[in-house]
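Here are my notes on this one, point by point. Have the viewer open while you read.

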Amino acid sequence: MKTRSPDPTSAVDRDAQAPRTIPFEEKLQKAVDKALYGSGRPRPQKVRNFLNGTWIGEPLHVILTDIPIGAWTAALVFDGCGLITARREFAIAADASLALGLAGAAAAAATGIADWSDVDPPARRVGLIHGILNLAGAALFASSLILRKKKSRKQGLVLSALGYGIMMAAAHLGGKMVYEYRVGVDRTSGQIFPEEFSAVMPETGLEDSKPTRAEYHGTPILLVRKGERLFALAETCSHFSGPLSEGKLIGDTIVCPYHDSRFALNDGRVINGPAVHPQPCLEARIKDGQIQVRKLRLTSV
């Protein structure tokens with residue numbers, strides 16, 4: 001009786017060879033990214049910089065979310081006062097607050113979609129649920145406002161209460177994305193750089209116009225030599241921790257390999273988003289055959 005030979009391909013190998021199933025949120029993210037920035041023209045990049053908040057140095061989405069949350073909270077308070085006192089002024093104030101919140105929610109949604117298009121797992125799925133909940137909450141508030149205008153105020157109050165509950169659940173997930181997954185947080189924060197000039201690499205190890213990674217006590221540092229000029233920045237991208245030493249040089253700038261954030265080599269400022277936080281910039285010099293760096297010292301005027 002013939003015995004069957006064992007399969008030379010292990011289960012682990014078969015899993016490795018099997019095609020990867022792309023999650024729905026990844027497919028959606030790619031579609032959103034293509035729709036927003038797929039052309040690669042200067043105008044889409046300017047739009048991206050505006051929506052991300054590159055121009056103010058902070059995530060614009062975080063700022064705009066305060067508008068709907070504050071307005072809808074005020075609407076809830078005005079509704080409560082209206083139920084207690086039956087004064088028409090509170091009803092008018094509540095309805096106006098609902099409308100203001102919807103306008104703010106539209107702006108917050110636009111910036112949130114722009115931010116989410118560059119979010120990596122596992123925050124990507126949480127961000128999608130966060131967005132869906134926000135859309136559901138906004139839809140309930142909009143329906144509430146319509147019912148109020150149609151003199152169906154009691155039904156409108158019920159929808160507002162439901163919308164507020166959903167909004168709070170969405171806000172909880174938004175906080176989770178920031179505090180647990182560090183979305184929108186400066187990824188270079190807390191890194192330690194030398195106060196005095198310290199050697200990080202032999203001069204011979206740095207080629208011209210080649211982004212190179214060095215280290216100071218475990219902190220990665222980006223070094224770039226261009227002729228007689230020497231640049232040093234934090235190597236960890238402030239946006240999502242991309243390794244800038246694997247990025248592309250464009251003139252006197254470096255482009256992150258993860259999400260194409262672009263930084264000036266001379267001072268670390270953000271040229272193009274999605275990054276909003278500048279890269280820490282270091283002084284660099286060559287002494288005794290070693291490349292030395294230290295924290296940039298601001299000169300007083």
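**Notes on the predicted model**

1. Trp72 and Phe141 are both buried, where buried means under 20% relative accessible area, exposed over 50% and partly exposed in between, using a 1.4 Å probe and protein chains only. Before going on, some housekeeping: this is a predicted model, so local features need pLDDT of at least 70 and side-chain atom pairs count only at pLDDT 80 or more, while totals for chains, interfaces and linings use all residues. Residues are numbered from 1 along each chain as its sequence is written, and side-chain values use heavy atoms, with hydrogens and water left out.

2. How many aromatic pairs does the structure hold? Two, going by rings of Phe, Tyr and Trp (its six-membered ring) with centres within 6.5 Å; planes under 30 degrees apart count as stacked, over 60 as edge-to-face and the rest as tilted. Phe50 and Trp55 make a stacked pair, at 5.3 Å centre to centre and 5° between the planes. Phe50 is partly exposed at 48% relative accessible area, and Trp55 is exposed at 52%.

3. Back to Trp72 and Phe141: their ring centres are 4.1 Å apart and the planes sit at 15°, so this pair is stacked. Trp72 belongs to helix H5 (residues 66-85) and Phe141 to helix H7 (residues 123-149), so the pair ties together parts 69 residues apart in sequence. Helices here are DSSP runs of H or I with at least four residues, strands are runs of E with at least two, and both are numbered from the N terminus.

4. Two arginines are worth a click. The charged end of Arg187 sits over the ring of Phe240, 4.5 Å from its centre. Arg285 lies over the face of Phe197, at 4.0 Å from the ring centre. The criterion is NZ of Lys or CZ of Arg within 6 Å of the ring centre and within 35 degrees of the ring normal.

5. Now the sheets. An open sheet of six strands runs E1-E10-E9-E4-E3-E2 with antiparallel pairing, where two strands pair if DSSP finds at least two bridges between them. Its edge strands are E1 (198-202) and E2 (212-216), each pairing on one side only. The twist averages 35° from one strand to the next, with axes fitted as lines to C-alpha atoms (for helices over the stretch in contact) and angles running from 0 to 180 degrees between N-to-C directions. E2 and E3 (residues 219-226) pair over five bridges, and Ala214 stands opposite Ile221 in E3.

6. Which residues does Arg294 touch? Arg294 is in strand E10 (residues 290-295) and counts as buried at 15% relative accessibility. Its partners, not counting residues up to four places away in sequence, are Pro194, Glu195, Glu196, Phe197, Leu282 and Glu283; contact means heavy atoms within 4.5 Å.

7. Cys281 is in strand E9 (residues 281-287) and is buried at 13%. Leaving aside neighbours within four places in sequence, the contacts of Cys281 include Ala232, Leu233, Leu265 and Leu296.

8. Finally, an open sheet of four strands has the order E5-E6-E7-E8, with antiparallel pairing. E5 (248-250) and E8 (270-272) are the edge strands. Three bridges join E6 (residues 253-255) to E7 (residues 262-264), and Thr253 stands opposite Ala264 in E7.
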